[in-house]
Amino acid sequence: MAAPGASLRLVAPVWNRGTSGIRGLSRSVDPEGSQRKGRTLLQFLADHFYDVEAVREYLLQKQVLKVLRKNRSSTYIKERYGPYVAGAYFILKQGGAVKFQDKEWMRPNGRGLSGELWKLREVPIEAVDASGCAITYQGLDNLLALKELQSLSLQCCPHVDDWCLSRLYQLANSLRELSLAGCPRISERGLACLHHLQNLRRLDISHLPAVSNPGLTQILVEEMLPNCEVLGADWAQGLKLGPEEQSRDTASSPIPA
Amino acid sequence: MLRRALRLGLGPGLLGRGLGAHREGSTLDWHGKVSEIKKKIQSVLPGGAWSPLCDTSHLPPEHSDVVIVGGGVLGLSVAYWLKRLEKRQGAIRVLVVERDHTYSQASTVLSVGGIRQQFSLPENIQLSLFSVEFLRNINEYLAVVDDPPLDLQFNPSGYLFLASEEGATIMENNVKVQRQEGAKVCLMSPEQLRKKFPWMNTEGVALASYGLENEGWFDPWCLLQGLRRKVQSMGVLFCHGEVTRFVSSSNHMETAIGEKVTLKRIHEVHVKVDHSQEYQPVECAIVVNAAGAWSGRIAELAGIGKGPSGTLQGTKLPVEPRKRYVYLWHCPQGPGLEAPLVADPSGAYFRREGLGNNYLGGCSPAEVSSVGSGCRGEDRDRVSLSSQASLAGPVLVLMSRSPLALTWGLLPPSTTYQADRLKRPARPGSDVCPGQRKPCPHLCPQEEEPDPGNLEVDHDFFQEKVWPHLAQRVPAFETLKVRRAWAGYYDYNTFDQNGVVGPHPLVVNMYFATGFSGHGLQQAPAVGRAVAEMMLEGHFQTINLSPFLFSRFYLGEKAQEHCII
């Protein structure tokens with residue numbers, strides 16, 4: 001099972017970036033977290049003045065709108081350059097990386113997007129690394145248009161939830177590798193609809209704080225996807241691979257370009 | 001601030017010590033008295049508990065612009081959209097009257113909580129699509145500052161409808177409509193079904209439709225609490241009580257063709273307080289009837305249906321409570337994580353509940369009257385003989401194959417089900433279609449309909465009507481153990497099993513949001529918006545629900561779903 005995994009791993013696991021994000025995000029999801037914290041001055045004022053409450057409500061809406069705006073897909077680029085460039089543009093804008101077929105990984109650099117992107121109109125995208133991006137249900141439209149996508153990494157995406165997973169069936173024909181590690185809003189309910197992805201060979205569902213029974217969930221997912229290597233977190237490491245095998249596995253993985 | 005200053009002034013630091021020093025040692029009780037006086041002064045101050053007149057905090061307000069009868073998910077949704085669509089903040093005063101504040105009998109929380117787009121009426125599909133969008137963004141719609149986000153627990157596992165050969169064409173047409181409206185539904189052949197769901201027996205299935213997106217089930221309690229919390233933060237008033245009377249005035253008028261009609265207008269709603277004879281008349285401009293299963297009674301209170309039959313005045317609101325059972329069972333070898341909500345052609349359905357091989361399901365006894373209308377009267381007697389054989393047939397097979405199946409959680413273990421089964425004579429009017437060698441749940445609605453007076457569960461119903469169908473569809477269910485069961489009410493529309501929305505043509509200020517016959521919960525967010533639009537704008541804006549207006553009962557235009565059998 002593990003043998004084809006190495007060759008399939010198109011997305012380089014970037015863990016040093018991810019781990020800090022996991023803790024930060026899981027705290028924000030934890031409903032008791034906000035109650036345990038000391039009450040801020042704004043909270044105190046909001047309890048006593050309607051105006052402050054209204055302002056806070058407005059700020060909350062503003063936050064939501066900001067994420068929404070970031071996830072709007074650009075119809076202009078899609079019409080002019082096709083779905084591949086539009087998808088790549090969206091991911092690069094969000095801070096992720098894309099890999100066109102037979103090309104190197106493309107990552108956003110400080111100067112903005114490279115001009116090369118606009119020439120790749122006909123080249124399909126085979127891998128997307130959207131680790132830590134603020135992709136929402138709407139933003140996923142851009143990814144679902146990439147019909148040749150083989151590898152998708154949604155590690156530590158704070159807005160990816162069960163609703164998003166229910167749309168991944170559109171990539172069922174091509175998708176072979178999927179990483180959902182560290183997404184704070186994914187639960188076992190969303191993982192249940194990955195059964196559409198029968199071509200999947202590798203699935204990473206480690207560090208999902210919203211999953212209630214991680215061990216049982218992993219077993220059930222393995223039953224559901226018999227041809228797929230399912231990566232869980234620490235609780236299953238002893239069951240799946242020996243510790244030395246595990247460490248060798250990660251060491252041999254390609255270094256990100 | 002004022003209160004704090006007073007409290008400081010009255011504190012023991014100043015008053016107590018000063019006076020104490022003056023009359024030192026004369027009475028030991030003095031300090032106690034001071035604190036008593038202090039308490040009294042505090043309670044008299046504004047905001048205190050004591051008031052010279054009798055306490056009326058448990059009564060509803062005397063005036064309210066809109067009174068919503070029923071605080072279930074539909075009523076709250078109407079309140080939410082009214083407050084959200086109002087032109088100026090705080091312009092409309094809304095009162096929600098709920099009889100049962102624990103929601104122990106409310107249909108909302110006793111339902112299975114499914115949401116689907118696999119309807120045949122475009123309006124129903126649109127309602128459901130709007131609601132799914134609402135549920136998806138529930139934390140934006142129902143966000144309350146400083147409160148934790150809602151966890152709707154949505155299971156996006158989809159609905160799988162199975163159709164027999166007779167129903168295949170209807171299903172194809174339905175799916176065509178659903179796709180036109182934007183639902184993501186795919187058709188599957190029995191071959192594909194077997195491949196995808198190996199645990200299923202596809203015997204008798206000609207076609208299946210499977211919802212790929214936006215279908216599944218969620219936690220109704222979460223939606224209810226989320227709406228309640230949000231609506232409260234928007235300034236809607238709640239009242240725990242029962243509506244007992246409407247005070248209305250009538251206007252006798254004549255239509256253009258000389259027909260006499262009586263237009264009524266409700267002015268006051270009498271709200272009776274729980275466990276007391278006390279009531280409060282609430283002056284109001286609009287009444288919303290969202291009382292669910294009991295909305296027929298509320299409509300009667302307003303004088304709807306009191307008149308010569310055949311006229312608009314004599315047209316009743318055909319909504320009545322119907323009892324439906326839900327069973328939860330455990331089956332160790334049951335379908336896995338991929339199992340959708342499966343709806344069998346026989347009317348039985350089930351879905352997965354959690355991860356521990358628990359399943360939840362039931363059967364609707366008489367959802368379609370048109371299909372059952374084939375066998376009546378003498379037909380029924382003729383088939384009663386064969387019914388004995390065919391009904392006992394599958395059960396006996398089950399028993400002999402798996403004696404473990406007898407281990408019922410809710411029956412005494414000594415019940416020898418098999419023997420009992422054989423002795424019992426076939427009931428007159430048994431439920432078998434002529435020509436069909438299997439039980440048909442769609443017959444004889446009068447006899448099959450359980451008594452809606454209480455919420456007791458009939459466990460025989462599972463053994464006789466639900467289990468045989470389930471075990472036939474999923475062979476693994478031949479061995480199962482019922483863990484729990486409960487019953488809930490449908491606000492059953494006997495006319496066409498669809499909702500009633502919008503104003504009454506004669507009682508001009510009563511609006512309906514009721515009668516959804518089991519899919520009220522999943523459509524509530526959209527229906528609330530439609531009713532609020534009707535009230536504020538005078539017409540539907542987002543979704544045109546004119547086929548669901550009350551006048552269809554008088555005109556006889558059924559807005560019926562084409563069911564797949």
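The C-alpha centres of domain 1 and domain 2 of chain A lie 30 Å apart in this predicted model. Domain 1 of chain A covers 43-72 and domain 2 of chain A covers 75-233, with bounds that come from an automatic or database domain assignment. Four residues from domain 1 of chain A and eight residues from domain 2 of chain A make the contact, where contact means heavy atoms within 4.5 Å. How much area do domain 1 of chain A and domain 2 of chain A bury between them? The value is about 470 Å², with 51% of it on carbon and sulfur atoms; buried area here is the accessible area (1.4 Å probe) that two parts lose on being put together, summed over both. On the side of domain 1 of chain A, A:V67, A:K70 and A:N71 supply 84% of the area buried against domain 2 of chain A, more than any other three residues.

A word on conventions before we go on. Residues are numbered from 1 along each chain as its sequence is written, and chains are lettered from A and ligands numbered from 1 in the order in which they are written. Because the model is predicted, local features need pLDDT of at least 70 and side-chain atom pairs count only at pLDDT 80 or more, while totals for chains, interfaces and linings use all residues; side-chain values use heavy atoms, with hydrogens and water left out.

Stepping back to the whole of chain A, you will find 12 helices and seven strands; helices (H or I, at least four residues) and strands (E, at least two) are DSSP runs, numbered from the N terminus. Of the 257 residues of chain A, 47% count as buried, on a scale where buried means under 20% relative accessible area, exposed over 50%, and partly exposed in between (1.4 Å probe, protein chains only). Among contacts in chain A between residues at least 6 apart in sequence, 69% join residues at least 24 apart.

A:L231 sits in strand β7 (residues 229-231) of chain A and counts as buried because its relative accessibility is 18%. Leaving aside residues up to four places away in sequence, A:L231 touches A:R202, A:L203, A:D204, A:I205, A:S206 and A:Q218. The C-alpha atom of A:L231 is separated by 10.0 Å from that of A:L180, 51 residues apart along the chain. The other stop is A:C156, in the loop between β4 (151-153) and α8 (162-165) of chain A. Most residues other than glycine have a negative phi. A:C156 is not a glycine, yet has a positive phi of about 60°, and with a relative accessible area of 8% it is buried.

Now to chain B, which has 18 helices and 17 strands. Of its 565 residues, 52% count as buried. The domain assignment gives domain 1 (58-154 + 217-318 + 494-564), domain 2 (159-211) and domain 3 (324-366 + 455-490) of chain B. The contact between domain 1 and domain 3 of chain B takes 10 residues from domain 1 and 14 residues from domain 3. Domain 1 and domain 3 of chain B bury about 1100 Å² between them, 68% of it on carbon and sulfur atoms. For domain 1 of chain B, B:L110, B:V112 and B:W217 supply 58% of the area buried against domain 3 of chain B, more than any other three residues.

Next, follow two helices of chain B. In α16(B), 13 of the 15 residues are buried. Helix α17 (residues 520-537) of chain B bends by about 40° at B:A526. Is α17(B) enclosed or open, and how many of its residues are buried? Of its 18 residues, 15 are buried, so α17(B) is largely enclosed by the rest of the structure. After α17(B) comes B:G538, with a positive phi near 90°.

The loop between β17 (510-514) and α17 of chain B holds B:S517. Phi of B:S517 is positive, near 50°, in a residue other than glycine, and B:S517 is buried, with a relative accessible area of 10%.

Key: Bend = angle between axes of the 7 residues up to and from the residue.
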